[in-house]
Amino acid sequence: MVATRQSHQQEKPVDFSTRLDLLAVAQEKRELLIQANSLCAALPDQQHQIMAMEMVEILVEMNLDADTLATAYITPYFLADLVSIDTVTEVMGEHVATLLTGVAQMATISTLAHQGNGTVQVDNIRRMLLAMVEDVRAVVIKLAEQVCHLRELKNASEEERVIAAKETADIFAPLANRLGIGQLKWELEDLSFRYLHPDLYKSIAKQLDDKRLGREAYMADMVEQVKTKLEQVGIQAEVYGRPKHIYSIYKKMAQKNYEFDQLFDIRAMRIVVDELQDCYGALGIVHTNWRHLNKEFDDYVATPKQNGYQSIHTVVFGPEGKTVEIQIRTHAMHQDAELGVAAHWMYKEGALPGRGSGYEQKISWLRKLLQWQEEVVDGSDLADELKNQVVEDRVYVFTPRGDIFDLPLGATPLDFAYYIHSNVGHRCIGAKVFGKIVPFTHQLSTGDQVEILTQKQPNPSRDWLNPSLGYIKSSRARAKIHHWFKQLDRDKNLSAGKEILDNELQKLELTYKELEPAIARYNFKELDDLLVAIGAGDVRLNQLLNFITDRTDDEPVIRFKNPTKMSGDKNGIVVDGVGSLMSHVAKCCRPVPGEQIIGYITQGRGIAVHRNDCDSFNNLKNNHPERVIAVSWSDEINGSYALSIKIEASDRAGLIRDISSVLANEKVNVLNMNMETLEDRQLAKFTMQVEVHDLSGTNRLLSKLDQIEGVHQAKRGQ
């Protein structure tokens, strides 16, 4: 149930020192908190002061250290830009300032709940992950701030409440669960449930309140009986009843289709002991004195949950035959269950054996994501992967050596291969589950032992990217396969990019040396990377040229060859030394503006314009060299040019729709289209005539078509 804190209970404001007395804060923590209060006391915003104190109350209950409490107090002011990091460093010291920076980086987690792509999204997520790995206290502070934010929204508009609650249910609560921070997980879930389903929340809360007095009296008697039985055999233990969280009640009612009265764990008790063996000793006492339900027994001590949670759960029939859920754990297990990774932050350097390993297990997935994000460019892929890692159900499978990997639900052997290593995925030719060959489309289950069969040379198939074939589930595997084919096409894109740029630089009388500032501007390491991006359509030529020509040194960079523009014929062709004559574009090669061209004087049809590399033109030139004439493109070209395009792709549902979307986005007019399907090879071949305006638009169109899922090749036809 949602907690009620002192800051909400006080009838009138009390001074800061009195609040610390009420919280029983230790002297070392108290001194640093007083410093933090002095730093923020002059700031007039009372609402931030209330949130700051409430965050401290939450974290004091979790027994966090002085730096964490001081950082939490300053956080609302810092996020509202009321205090600077330099001031915090000067007054509070480097430790608090560094932790505060980590909390600010954690604030980017909100971007995961909304749409957002590109390098900005990648950078935000990367900073967040780095903050989490470097110091997990930043996670705890951010989660505490989200709790306070939700509590603050109770009088806000319904839209604000729903947006914040959905963000919490999608990201923050699952993150707290994944990191094992149970104390905050429950409150985040209850608060978001309260705003997303207010009627259900009120209904369950009312039924709990109606039965509260009777349940409390019943539990007090049951607790006393259990304490007495444990003392008789010499087991030292804390025994107490615990409140049942409304969201967990709702979830159980929904999962099992129960009514409220059918739930057996509304009455719940916890036994916390000193030693591991006492857990099983206490369990024996409970089962000896009260009959238990076999189907509701879970030993998470022997087999911990995947987030590291350990406890023994059992349900017994107490007095009057009423069911009582009992959880049995050690103090260390209880600390881990409530605080998760926060309980291990001080051990992350491995100072104490046995504790550092728990920390490493719980954040190892963060390190995997940090490594993975280096391999992708698209922020949406990384956001999806992080959402999958945090929110989705997982399956846990083993290698033949016993190493465990966790994968998204529905993952296949190919996903598993790519999770092991990119090269294992690229070289994968088959898989075995428990020694038996399985197809690539086989869905793995928790506990499967998977062996990947590989060949010497990498040879991924484009069919693996076809979603209708079901070869892969994870965005991680998909992005790695895309990356492979992108690298494979590097030489082709390099050549195309150089051809595009050569012509434009020649027109502007620029050299490649003047491109050097653009290499850094577009975050590339060398010129070839920029040329590849131009050829692939990732960098727009117009933007690049605008950037170059806007830069000036001693004189403007733009220098045209001819001060007067040459106007051509209706096809935009200028015959060198003559001007405009009748011409037509040769159908054998169909050149477009930007390509190197040459003219051939025909009999009765004027000048036929060919590409320089046209095979038909080379034959004509060899037979009649006297008819060859130099031609060029006009400086002013407004017309369009017919172009033949051939596409070869894996046949799948939605392929025509995806191709049409690219054509529409590029504003390309389709003159005609033919499609041929080869059913035996699951292949589709398209031949189409389209209208284009220049070479850069042509190359961009081909690059975009080539990036469609399942497309093997998109090229110009004859």
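**Reading the model**

Guide: At 5% relative accessibility, cysteine 614 counts as buried. Please bear in mind that the model is predicted.

Visitor: Which cysteine sulfur is nearest to that of cysteine 614, and how far away is it?

Guide: The idea is to compare the distance between two sulfur atoms with a cut-off, which for a disulfide is 2.5 Å. The nearest cysteine sulfur to cysteine 614 belongs to cysteine 588 and is 3.5 Å away, and cysteine 614 is in no disulfide. By this rule the count of disulfides is zero. Another cysteine, cysteine 279, is buried, with a relative accessible area of 0%.

Visitor: How many helices and strands does the protein chain have, and what percentage of its residues is buried?

Guide: The protein chain contains 28 helices and 20 strands. Of its 718 residues, 49% are buried. As for contacts with a separation of 6 or more, 67% of them are between residues 24 or more positions apart.

Visitor: At what angle do helix 22 and helix 24 pack?

Guide: Two packed helices are described by the angle between their axes and the distance between the axes. Here helix 22 (residues 490-508) and helix 24 (residues 527-536) pack at about 90°, and their axes are 7 Å apart. Helix 22 is therefore roughly perpendicular to helix 24, since angles of 65 to 115 degrees are classed in that way.

Visitor: Which residues make the contact between helix 22 and helix 24?

Guide: Helix 22 contributes Arg490, Asn493, Leu494, Ala496, Gly497, Lys498, Ile500 and Leu501. From helix 24 come Asp528, Asp529, Leu531, Val532, Ile534, Gly535 and Ala536.

Visitor: Let us turn to single residues. Is arginine 270 buried or exposed?

Guide: A residue is assigned by its relative accessible area, and the cut-off for buried is under 20%. Arginine 270 has 11% relative accessibility, so it counts as buried. Arginine 270 is placed in strand 2 (residues 268-273). The side chain of arginine 270 is joined to that of glutamine 327 by a polar contact of 3.1 Å.

Visitor: Which residues are in contact with isoleucine 34, leaving aside its neighbours within four places in sequence?

Guide: With those neighbours left aside, isoleucine 34 is in contact with Phe16 and Leu20. Isoleucine 34 and phenylalanine 16 are 18 residues apart in sequence, while their C-alpha atoms are 8.0 Å apart in space. Isoleucine 34 belongs to helix 3 (residues 27-41) and is partly exposed, with a relative accessible area of 38%.

Visitor: One more feature concerns the backbone. What is the phi of glutamate 320, and where does this residue lie?

Guide: For glutamate 320, phi is near 65°, a positive value in a residue other than glycine. Glutamate 320 is in the loop between strand 4 (312-317) and strand 5 (323-330). With 69% relative accessibility, glutamate 320 counts as exposed.

Visitor: What is the phi of phenylalanine 434, and is this residue buried or exposed?

Guide: Although phenylalanine 434 is not a glycine, its phi is positive, at about 55°. The loop between strand 8 (428-433) and strand 9 (436-438) holds phenylalanine 434. Its relative accessible area is 52%, so phenylalanine 434 is exposed, the cut-off being over 50%.

Technical notes:
Residues numbered from 1 in each chain as written. Predicted model: local features only at pLDDT ≥ 70, side-chain atom pairs only at ≥ 80, totals over all residues. Heavy atoms only, no water. Axes fitted to C-alpha atoms, helices over the stretch in contact; angles between N-to-C directions. Helix = DSSP H or I, 4+ residues; strand = E, 2+ residues; numbered from the N terminus. Parallel < 35°, antiparallel > 145°, perpendicular 65-115°, else oblique. Contact = heavy atoms within 4.5 Å. Buried < 20%, exposed > 50% of the residue type's maximum accessible area, 1.4 Å probe, protein only. Polar contact = N/O pair within 3.5 Å; in protein donor to acceptor, adjacent residues only side chain to side chain.
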